[in-house]
Amino acid sequence: MEKLLKELQYADLHRQTRRHFLQSAGFGLGALGLGSLLGSCGSSSAGTSVAEHAAAAKIPQFAPKAKRVIYIHMAGAPSQLELFDYKPELVKYHGQDCPAEFLEGKKFAFIQGVPKMLGPQGKFAQYGQSGAWMSDYVPYLQTVADEITFMKAMHTDQFNHAPAQLLMHTGSARLGRPSLGAWSVYGLGSENQNLPGFIVLASGGQQPDAGKSVYGSGFLPSVYQGVQCRTGGDPVLYVSDPSGMNRDMRKQTIEAINEINRQTYEDVKDPEILTRISQYEMAFRMQMSVPEVMDVSKEPQFILDMYGVKPGEGTFAMNCLLARKLVENDVRFVQLFDWGWDGHGTSKDHNVEGGLRQKCRESDQPIAALIKDLKMRGLLEETLIIWGAEFGRTPMQENRNGLVMPFMGRDHHLDAFTMWMAGGGVKRGHSHGQTDELGYYGVKDRVHVHDLQATILSLMGFDHEKFTYPFQGRNFRLTDTEGKVVKDVIA
């Protein structure tokens, strides 16, 4: 008994530490940070206020052109020189030593010494009224060339996968920042209270190199982080009722847990408790809504054929079809990650010949189908599709450790790569930016990662310099201290 009394006394003293004193003073530091976000957090509506705020559609800073986003990230980075950035001069230099100016003062992930130049492996032609250059790697995408805006002089600061992915999605190469999807839902909320505002679908057998941080909430309330859904089994792990528990019993259990959480919040004022309450409530609603929206069995056969989908298979094609269904059900931000696009030339699966062609065979048809499907349903105009990766590929063939790889491959390249957007207020059939004759440097209308982020936020109705969140004594934003809107790509 004496030991228990001492533990109770210790617990009481622990609660009187500086942090717990500030929390219990009526307006804890965390509560202050969320004050403007939540409004009033009474004991009877603590969890509901967070859930309602996260789910409710909000008014952006100005009229948006895009109400929803589908962001397709090809993790590993496909070669732009085999797909969209046509460089006939590179053919002439194939097999020759790389020019010295491409190597002096430069850092590469693997290239050492003097590598050989590598000509494009795809056959290029112009397509659509826009005359967009595209290779035979993407025959289906050629049919929607006039819907696409290409940005051909993208550049980044990072040449390794994880930090480059973090920079692309969170605005920083370091862990801890909110992702673009989290920022989007924080700013715009969701139009469907029964589904998360930010849903993630992954394919390719692995997560992105940067892990779940690329769709995390960082220092934003965790209610805004991406929810990963699966295409096989339960769409979301641990959402289904446990064996022997019916829905009514589950509801009563959640209500009891949330009542305890509400009382705890009143005691310690930790805003993450409010998030926990809202997530329990969302999980209960998702039990009905997620399986329904993830079910493609009612889709017409011609739609399944258009995407190349076979029910029951968790493929990239399935994820593209699910992305359409999700935005059709008013999910604000859908993130698709497809792993396996790293083309160093180290194996038959990771090169710019067979490996890249195979990945394109898996993705080209469903991406083109997604664009056509959204347009057919009148959704493309307000849905922004973004396609790209974390960086590009070198015009030189990789010679890891000074040795030429067994297959044709290219090293990571941060100075020039291609991304594209469609729908959601961007110009149709447009190409922005230009690289030099060998595809090494951007020589016209270069676009940095922060510029792309600023442009995406602008399309969604936000001034990236004014769209901020207070954290650790200063206002943070997605684009950090850089970035400018690329107005030339906006319709």
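Analyst: Of the chain's 491 residues, 54% count as buried. The model is predicted. Its secondary structure comes to 14 helices and 17 strands. Among contacts with a separation of 6 or more, 77% join residues 24 or more positions apart. The chain exposes about 21,500 Å². Carbon and sulfur atoms supply 51% of that area.

Now the pair itself. Helix H12 covers residues 316–328, and helix H13 covers residues 354–376. Their axes come within 8 Å. The crossing angle is roughly 15°. Angles under 35 degrees count as roughly parallel, so H12 and H13 are roughly parallel to each other. The crossing of H12 and H13 is right-handed.

Which residues meet? H12 contributes Phe316, Ala317, Cys320, Arg324 and Val327. H13 answers with Glu362, Ser363, Pro366, Ile367, Leu370, Asp373 and Leu374.

For context elsewhere in the chain, look at a strand pair. Strand E2 (residues 124–127) and strand E3 (residues 132–135) pair in the antiparallel sense over four bridges. Ala125 has Met134 in E3 as its bridge partner. E2 and E3 form a hairpin, with four residues between them. Gly128 lies in the turn and has a positive phi of about 70°.

Technical notes
Residues numbered from 1 in each chain as written. Predicted model: local features only at pLDDT ≥ 70, side-chain atom pairs only at ≥ 80, totals over all residues. Heavy atoms only, no water. Helix = DSSP H or I, 4+ residues; strand = E, 2+ residues; numbered from the N terminus. Buried < 20%, exposed > 50% of the residue type's maximum accessible area, 1.4 Å probe, protein only. Contact = heavy atoms within 4.5 Å. Areas by Shrake-Rupley, 256 points an atom, 1.4 Å probe, with all protein chains shown as cover. Pairing = 2+ DSSP bridges. Axes fitted to C-alpha atoms, helices over the stretch in contact; angles between N-to-C directions. Parallel < 35°, antiparallel > 145°, perpendicular 65-115°, else oblique. Left-handed = near helix turned anticlockwise from the far one by under 90°.
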